[in-house]
Amino acid sequence: MSGLRGELAELVAAKLEILAVLAAGRNLLLEGPVGSGKTLLGESIAAALPPIRLAGCHFNCLPGEAACPQCRAGLGASGELELSGPERFVRVQGSPDLFPEDLVGDVDPAAALAHGALDPRAFRPGRLLRAHRKLCFVDEINRLSERLQNLFLELLAEGALTIGGYEARFPVDTVVVATMNPDEYVGVGRLSEALRDRFERVRLDYPTPADEVTILLSRTGVDGGDAQRLAETVVGFANQLRAEPEVEAGPSVRATLASFELALAWSRLNPGGHPRIPGDGVTDWRQAAVAGMRVALRGRLSLRPTHRLASRPEQYVDDALAALAL
């Protein structure tokens with residue numbers, strides 16, 4: 001029982017830490033393994049934001065504010081807009097292939113012909129400037145190049161961005177919620193110390209087994225009886241793999257959900273003359289669980305390079321399932 005109390009205490013502490021960071025208006029860095037719900041949490045934070053009415057320009061001015069070049073020239077407003085919380089979510093997918101123009105913005109050719117290339121009215125903002133009065137969500141921020149990471153330094157420190165070539169500085173009133181996988185994961189980039197220092201970091205982990213079972217049942221809309229036992233079996237096996245020292249990257253929650261959905265599909269397609277759905281008294285839910293996990297986990301498991309089956313993780317999954325006492 002003490003172990004369960006400890007898990008619950010960690011869960012509550014993580015939620016309180018996140019709420020404290022957001023309530024203080026600080027920028028949040030969510031660090032955790034793949035599939036631990038970081039992106040879903042970012043979307044949930046945006047959904048909790050109240051609606052806001054904006055002028056309709058590209059810079060998200062308030063009605064009557066006329067703070068940006070477009071509004072001051074009477075060119076930007078296309079009518080007032082009211083955005084709901086989910087619509088105030090601006091996502092940046094971390095990738096070394098992004099260019100600074102994707103984040104800051106670039107010249108609009110038609111506006112450049114009309115006003116000149118160096119006129120601020122010719123500039124069309126990128127995703128960071130469009131995050132003004134919204135939530136900026138940066139997924140896998142440590143996959144951004146060092147040059148792109150440096151773009152965030154001024155934004156996080158001063159709440160503004162200077163646009164080179166225009167001698168213009170734009171305010172960006174936003175909270176940045178970023179995610180990254182732990183440093184020990186193979187293939188992840190490094191977050192610069194200067195940028196890391198401007199975030200408040202909260203470490204997430206996989207949900208408790210009971211919560212993960214609830215996620216599987218709620219996402220698929222099935223419950224009770226054999227479906228409950230099937231979900232518990234899938235989650236139990238995933239946690240067993242996560243705890244194995246030779247497993248470098250264990251199954252994510254997405255992997256357990258895929259295993260569960262494939263098991264349900266297998267039970268319906270099982271050639272028995274009629275659909276067999278867990279929860280309807282079917283007796284072969286164990287075989288369904290094994291079939292679903294075998295397909296879902298073969299391509300998702302990563303073993304340490306020193307393991308004898310490092311190049312054949314599918315064989316490792318098959319062996320582990322064969323040894324699983326169902």
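These are my notebook entries on what I looked up in this predicted model.

**Entry 1: overall make-up**

The protein has 326 residues, and 45% of them count as buried. I find 13 helices and 13 strands. For contacts I took pairs with a separation of 6 or more, and 69% of those are between residues 24 or more positions apart. The accessible surface comes to about 16400 Å². Carbon and sulfur atoms own 53% of that surface.

**Entry 2: the largest pocket**

Next I went for the largest pocket. How much space lies in it? I get about 1200 Å³. Its lining takes in 35 residues. Nearest the centre of the pocket are Ser36, Gly37, Leu204, Asp205 and Pro207. I then checked which elements give two or more residues to the lining, and they are α1 (2–23), α2 (38–47), α9 (209–220) and α11 (253–269). Helix α1 has the largest share, with eight residues. What is the lining like by class? I have 16 nonpolar residues in it, along with eleven charged and eight polar ones.

**Entry 3: salt bridges**

I moved on to charged pairs. The structure holds eleven salt bridges, and I looked at a few of them in turn.

Glu82 pairs with Arg53, with 2.9 Å between the closest N and O atoms. Glu82 sits in strand β3 (residues 81–83) and Arg53 in strand β2 (residues 52–54), so this bridge ties together parts that are 29 residues apart in sequence. Is Glu82 buried, exposed or in between? I have it as partly exposed, at 49% relative accessibility. Arg53 is partly exposed too, with a relative accessible area of 40%.

Arg190 and Glu193 make another bridge, with the closest N and O atoms 2.9 Å apart. I note Arg190 as exposed, at 59% relative accessibility, because the cut-off for exposed is over 50%. Glu193 comes in at 48%, so I put it down as partly exposed.

Then there is Asp318 with Arg298, at 3.0 Å from N to O. Which parts does this pair tie together? Asp318 is in helix α13 (residues 313–323) and Arg298 is in helix α12 (residues 285–298), so the bridge links parts 20 residues apart in sequence. Asp318 has a relative accessible area of 18%, and it counts as buried because that is under 20%. Arg298 is partly exposed, at 34% relative accessibility. I also found salt bridges with shared partners, which join Glu31, Arg201 and Arg203 into one network.

I checked the backbone for positive phi values in residues other than glycine, and noted Asn60 and Arg133.

Asn60 has phi near 60°. Where is Asn60? I place Asn60 in the loop between β2 and α3 (69–72). Asn60 is buried, with a relative accessible area of 6%.

Arg133 has a phi of about 65°. The loop that holds Arg133 runs between α6 (127–130) and β7 (135–139). Is Arg133 buried or exposed? I have Arg133 as buried, since its relative accessible area is 14% and the cut-off is under 20%.

**Entry 4: Ser302**

My last stop was Ser302. Ser302 is found in strand β13 (residues 302–303). With a relative accessible area of 27%, Ser302 is partly exposed. How far is Ser302 from Gly250? In sequence they are 52 residues apart, while their C-alpha atoms are 7.0 Å apart in space. I also listed what Ser302 touches, leaving out residues up to four places away in sequence, and the list is Val247, Glu248 and Ala249.

Note on methods. Residues are numbered from 1 along each chain as its sequence is written. This is a predicted model: local features need pLDDT of at least 70, side-chain atom pairs count only at pLDDT 80 or more; totals for chains, interfaces and linings use all residues. Side-chain values use heavy atoms; hydrogens and water are left out. On a 1 Å grid over the protein atoms alone, a cavity is a set of points where a 1.4 Å probe fits but cannot get out, and a pocket is an open set with protein on both sides within 12 Å along at least five of seven lines; lining residues have an atom within 4 Å of a point. Grid points are joined across faces, edges and corners, and a volume is the space filled by probe spheres set on the points. Helices (H or I, at least four residues) and strands (E, at least two) are DSSP runs, numbered from the N terminus. Ala, Val, Leu, Ile, Met, Phe, Trp, Tyr, Cys and Pro count as nonpolar, Asp, Glu, Lys and Arg as charged, and the others, Gly among them, as polar. Buried means under 20% relative accessible area, exposed over 50%, partly exposed in between (1.4 Å probe, protein chains only). Contact means heavy atoms within 4.5 Å. A salt bridge is a side-chain nitrogen of Lys or Arg within 4 Å of a carboxyl oxygen of Asp or Glu. Accessible areas come from the Shrake-Rupley method with a 1.4 Å probe; for residues, only the protein chains shown count as cover.
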